[in-house]
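Please look at the sequence and the model below before reading on. The paragraphs that follow go from the whole chain to single residues.

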Amino acid sequence: MFDITVAAVVFGVVFLAELPDKTALAGLMLGTRYRASYVFAGVAAAFAVHVALAIAAGSVLTLLPHRVVQAVVGVLFLAGAVMLLAKKDDGDEEPKRPADQSFWKVAGAGFSLILVAEFGDLTQIMTANLAARYDDPLSVGVGAVLALWAVAGLGIVGGRTLMRFVPLKLITKVAALVMLVLAGFSLYEAVAG
(Lines give C-alpha, C1' and ligand atoms only; values in the text may rest on other atoms or scores of the structure.)
Protein backbone atom coordinates (compact mmCIF):
# COMPACT_ATOMS: atom_id res chain seq x y z
CA MET A 1 0.00 0.00 0.00
CA PHE A 2 1.28 3.46 -0.90
CA ASP A 3 2.10 5.83 2.00
CA ILE A 4 2.41 9.47 0.92
CA THR A 5 4.20 10.41 4.16
CA VAL A 6 6.94 7.84 3.60
CA ALA A 7 7.28 8.91 -0.03
CA ALA A 8 7.55 12.58 1.02
CA VAL A 9 10.22 11.85 3.65
CA VAL A 10 12.21 9.76 1.17
CA PHE A 11 11.82 12.46 -1.49
CA GLY A 12 13.20 15.13 0.87
CA VAL A 13 16.14 13.10 2.09
CA VAL A 14 17.19 11.80 -1.33
CA PHE A 15 16.63 15.18 -2.99
CA LEU A 16 18.86 17.00 -0.50
CA ALA A 17 21.55 14.32 -0.68
CA GLU A 18 21.59 14.26 -4.48
CA LEU A 19 21.66 18.05 -5.07
CA PRO A 20 25.34 18.50 -4.20
CA ASP A 21 26.30 15.39 -6.16
CA LYS A 22 28.07 15.41 -9.51
CA THR A 23 24.88 14.12 -11.16
CA ALA A 24 23.29 17.58 -11.14
CA LEU A 25 26.44 18.98 -12.72
CA ALA A 26 26.59 16.21 -15.33
CA GLY A 27 22.92 16.83 -16.14
CA LEU A 28 23.63 20.54 -16.45
CA MET A 29 26.50 19.91 -18.87
CA LEU A 30 24.53 17.45 -20.97
CA GLY A 31 21.48 19.72 -20.94
CA THR A 32 23.42 22.68 -22.24
CA ARG A 33 24.77 20.68 -25.20
CA TYR A 34 21.87 18.46 -26.18
CA ARG A 35 18.10 18.47 -26.32
CA ALA A 36 16.93 18.47 -22.68
CA SER A 37 14.11 15.94 -23.17
CA TYR A 38 16.51 13.41 -24.73
CA VAL A 39 19.00 13.84 -21.89
CA PHE A 40 16.27 13.54 -19.27
CA ALA A 41 14.89 10.34 -20.81
CA GLY A 42 18.27 8.61 -20.50
CA VAL A 43 19.02 9.96 -17.04
CA ALA A 44 15.53 9.08 -15.76
CA ALA A 45 15.86 5.49 -17.00
CA ALA A 46 19.24 5.10 -15.29
CA PHE A 47 17.85 6.40 -12.00
CA ALA A 48 14.89 4.00 -12.22
CA VAL A 49 17.36 1.10 -12.53
CA HIS A 50 19.37 2.37 -9.54
CA VAL A 51 16.29 2.73 -7.34
CA ALA A 52 15.06 -0.76 -8.28
CA LEU A 53 18.42 -2.23 -7.24
CA ALA A 54 18.43 -0.23 -4.00
CA ILE A 55 14.86 -1.29 -3.12
CA ALA A 56 15.80 -4.94 -3.71
CA ALA A 57 18.81 -4.60 -1.39
CA GLY A 58 16.71 -2.83 1.25
CA SER A 59 14.01 -5.48 1.05
CA VAL A 60 16.58 -8.17 1.82
CA LEU A 61 17.59 -6.23 4.95
CA THR A 62 13.99 -6.43 6.24
CA LEU A 63 14.38 -10.20 6.62
CA LEU A 64 16.78 -9.62 9.55
CA PRO A 65 15.58 -8.99 13.14
CA HIS A 66 14.21 -5.44 13.62
CA ARG A 67 16.87 -4.35 16.15
CA VAL A 68 19.70 -5.53 13.90
CA VAL A 69 18.20 -3.75 10.89
CA GLN A 70 17.78 -0.50 12.86
CA ALA A 71 21.38 -0.69 14.09
CA VAL A 72 22.71 -1.32 10.57
CA VAL A 73 20.52 1.43 9.09
CA GLY A 74 21.59 3.86 11.83
CA VAL A 75 25.27 3.17 11.27
CA LEU A 76 24.86 3.50 7.49
CA PHE A 77 23.01 6.82 7.85
CA LEU A 78 25.75 8.02 10.18
CA ALA A 79 28.40 6.97 7.65
CA GLY A 80 26.44 8.75 4.91
CA ALA A 81 26.36 11.97 6.94
CA VAL A 82 30.11 11.72 7.55
CA MET A 83 30.69 11.11 3.82
CA LEU A 84 28.66 14.21 2.93
CA LEU A 85 30.50 16.38 5.42
CA ALA A 86 33.93 15.06 4.39
CA LYS A 87 33.22 15.23 0.65
CA LYS A 88 35.63 17.35 -1.39
CA ASP A 89 34.69 18.99 -4.68
CA ASP A 90 36.64 16.94 -7.22
CA GLY A 91 35.73 19.03 -10.25
CA ASP A 92 33.62 18.26 -13.27
CA GLU A 93 34.16 15.28 -15.49
CA GLU A 94 33.37 16.07 -19.09
CA PRO A 95 31.11 13.50 -20.73
CA LYS A 96 31.92 12.31 -24.24
CA ARG A 97 29.85 13.91 -26.93
CA PRO A 98 27.85 11.52 -29.13
CA ALA A 99 28.56 11.73 -32.85
CA ASP A 100 25.01 12.88 -33.58
CA GLN A 101 22.06 14.42 -31.75
CA SER A 102 19.59 11.55 -32.28
CA PHE A 103 17.36 10.51 -29.39
CA TRP A 104 19.06 7.13 -28.91
CA LYS A 105 22.58 8.58 -28.93
CA VAL A 106 21.81 11.42 -26.51
CA ALA A 107 19.57 9.36 -24.20
CA GLY A 108 22.14 6.55 -24.31
CA ALA A 109 24.91 8.94 -23.31
CA GLY A 110 22.84 10.24 -20.38
CA PHE A 111 21.86 6.71 -19.31
CA SER A 112 25.44 5.42 -19.50
CA LEU A 113 26.92 8.38 -17.65
CA ILE A 114 24.46 8.15 -14.76
CA LEU A 115 24.44 4.35 -14.60
CA VAL A 116 28.21 4.23 -14.16
CA ALA A 117 28.64 7.39 -12.07
CA GLU A 118 25.85 6.60 -9.60
CA PHE A 119 26.39 2.88 -9.05
CA GLY A 120 26.92 2.39 -5.30
CA ASP A 121 26.49 6.13 -4.77
CA LEU A 122 25.37 7.60 -1.45
CA THR A 123 21.77 8.09 -2.59
CA GLN A 124 21.53 4.49 -3.78
CA ILE A 125 22.77 3.31 -0.37
CA MET A 126 20.38 5.73 1.35
CA THR A 127 17.47 4.40 -0.70
CA ALA A 128 18.31 0.85 0.37
CA ASN A 129 18.47 2.03 4.00
CA LEU A 130 15.12 3.79 3.71
CA ALA A 131 13.56 0.70 2.12
CA ALA A 132 14.79 -1.35 5.07
CA ARG A 133 13.70 1.26 7.62
CA TYR A 134 10.15 1.71 6.36
CA ASP A 135 9.59 -1.77 4.85
CA ASP A 136 7.49 -0.07 2.17
CA PRO A 137 9.21 -0.62 -1.20
CA LEU A 138 6.56 1.14 -3.28
CA SER A 139 6.49 4.37 -1.24
CA VAL A 140 10.27 4.47 -0.89
CA GLY A 141 10.76 3.71 -4.58
CA VAL A 142 8.34 6.41 -5.72
CA GLY A 143 9.85 9.00 -3.35
CA ALA A 144 13.42 8.17 -4.38
CA VAL A 145 12.73 8.08 -8.13
CA LEU A 146 10.83 11.37 -8.04
CA ALA A 147 13.61 13.01 -6.00
CA LEU A 148 16.31 11.81 -8.39
CA TRP A 149 14.27 12.85 -11.41
CA ALA A 150 13.65 16.28 -9.84
CA VAL A 151 17.37 16.82 -9.23
CA ALA A 152 18.17 15.64 -12.75
CA GLY A 153 15.53 17.98 -14.17
CA LEU A 154 16.87 20.89 -12.15
CA GLY A 155 20.40 20.09 -13.28
CA ILE A 156 19.41 19.77 -16.92
CA VAL A 157 17.15 22.81 -17.08
CA GLY A 158 18.24 25.27 -14.44
CA GLY A 159 21.15 24.06 -12.34
CA ARG A 160 23.22 27.15 -12.86
CA THR A 161 20.47 29.43 -11.56
CA LEU A 162 19.80 27.27 -8.49
CA MET A 163 23.45 27.21 -7.49
CA ARG A 164 23.53 31.04 -7.65
CA PHE A 165 20.86 31.27 -4.94
CA VAL A 166 21.58 28.21 -2.78
CA PRO A 167 25.21 27.55 -1.84
CA LEU A 168 26.26 23.96 -2.43
CA LYS A 169 27.89 23.78 1.01
CA LEU A 170 24.58 24.70 2.67
CA ILE A 171 22.70 22.01 0.76
CA THR A 172 25.36 19.45 1.74
CA LYS A 173 25.17 20.45 5.42
CA VAL A 174 21.36 20.25 5.48
CA ALA A 175 21.47 16.79 3.87
CA ALA A 176 24.07 15.65 6.42
CA LEU A 177 21.96 17.00 9.28
CA VAL A 178 18.87 15.14 8.04
CA MET A 179 20.93 11.95 7.80
CA LEU A 180 22.26 12.45 11.35
CA VAL A 181 18.70 12.79 12.65
CA LEU A 182 17.67 9.60 10.81
CA ALA A 183 20.75 7.83 12.20
CA GLY A 184 19.79 8.94 15.71
CA PHE A 185 16.22 7.67 15.35
CA SER A 186 17.38 4.34 13.92
CA LEU A 187 20.04 3.80 16.61
CA TYR A 188 17.56 4.78 19.33
CA GLU A 189 15.07 2.20 17.99
CA ALA A 190 17.80 -0.43 17.89
CA VAL A 191 18.75 0.17 21.54
CA ALA A 192 15.28 0.86 22.96
CA GLY A 193 13.66 -1.65 20.69
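What share of the 193 residues in the protein chain is buried? Buried residues make up 43% of the chain. The model is a predicted one, and the values given here are computed from it. The accessible surface of the protein chain comes to about 9,900 Å², and carbon and sulfur atoms account for 70% of that surface.

The secondary structure is simple to state. The chain has eight helices and zero strands, and along the sequence the pattern reads α-α-α-α-α-α-α-α. Among contacts between residues at least 6 apart in sequence, 93% join residues at least 24 apart.

Confidence should be kept in mind while reading the details. The mean pLDDT of the protein chain is 79, and 80% of the residues score at least 70. Among the elements, α1 has the highest mean pLDDT, at 92, and helix α2 (residues 22-33) has the lowest, at 70. Over residues 90-96 the pLDDT is below 50. Beyond near neighbours in sequence, that stretch has ten contacts in the model.

The next topic is the interior. In soluble globular proteins, nonpolar side chains tend to be buried together. In this model the largest nonpolar core has 36 residues. Val10, Val14, Val39, Phe77, Met126, Leu130 and Val140 are the members with the most contacts inside the core. At least two core residues come from each of α1, α3, α4 (66-86), α5, α6 (122-134), α7 (137-165) and α8 (168-192). Helix α7 gives the most to this core, with eight residues. Leaving aside neighbours within four places in sequence, Val10 is in contact with Phe15, Leu130, Val140, Gly143 and Ala144. Two of these partners, Leu130 and Val140, are also listed among the core residues with the most contacts inside the core.

Aromatic rings are the next feature. A pair of aromatic rings is described by the distance of the centres and the angle of the planes. A search of the whole structure finds four aromatic pairs. In one of them, the ring centres of Tyr38 and Phe103 are 5.2 Å apart and the planes stand at 85°, so the pair is edge-to-face. Tyr38 belongs to helix α3 (residues 36-61) and Phe103 to helix α5 (residues 103-118), so this pair ties together parts that are 65 residues apart in sequence. Phe103 also pairs with Trp104: their ring centres are 4.9 Å apart and their planes are at 80°, so this pair too is edge-to-face. Tyr38, Phe103 and Trp104 form one aromatic cluster.

Phe103, at 31% relative accessibility, counts as partly exposed. Trp104 is exposed, at 70% relative accessibility.

Apart from neighbours within four places in sequence, Tyr38 is in contact with Gln101, Ser102, Phe103, Val106 and Ala107. Tyr38 and Lys105 are 67 residues apart in sequence, while their C-alpha atoms are 8.8 Å apart in space.

The remaining details concern residues around α6 and α7. The charged end of Arg133 sits over the ring of Tyr134, 5.6 Å from the ring centre. Asp135 is in the loop between α6 and α7. Phi of Asp135 is near 50°, a positive value in a residue other than glycine. Asp135 counts as exposed because its relative accessibility is 53% and the cut-off for exposed is over 50%.

Finally, which residues does Asp3 contact, leaving aside its neighbours within four places in sequence? The partners are Asp136 and Ser139. Asp3 lies in the segment before α1 (4-18) and is partly exposed, with a relative accessible area of 31%. Asp3 and Asp136 are 133 residues apart in sequence, but their C-alpha atoms are 8.0 Å apart in space.

Conventions:
Residues are numbered from 1 along each chain as its sequence is written. Side-chain values use heavy atoms; hydrogens and water are left out. Helices (H or I, at least four residues) and strands (E, at least two) are DSSP runs, numbered from the N terminus. Buried means under 20% relative accessible area, exposed over 50%, partly exposed in between (1.4 Å probe, protein chains only). Contact means heavy atoms within 4.5 Å. Accessible areas come from the Shrake-Rupley method with a 1.4 Å probe; for residues, only the protein chains shown count as cover. pLDDT is the predictor's confidence in each residue, from 0 to 100. Rings of Phe, Tyr and Trp (its six-membered ring) pair if their centres lie within 6.5 Å; planes under 30 degrees apart count as stacked, over 60 as edge-to-face and the rest as tilted. A charge sits over a ring if NZ of Lys or CZ of Arg is within 6 Å of the ring centre and within 35 degrees of the ring normal. A nonpolar core is a set of buried Ala, Val, Leu, Ile, Met, Phe, Trp, Tyr and Cys residues joined through side-chain atoms within 4.5 Å.
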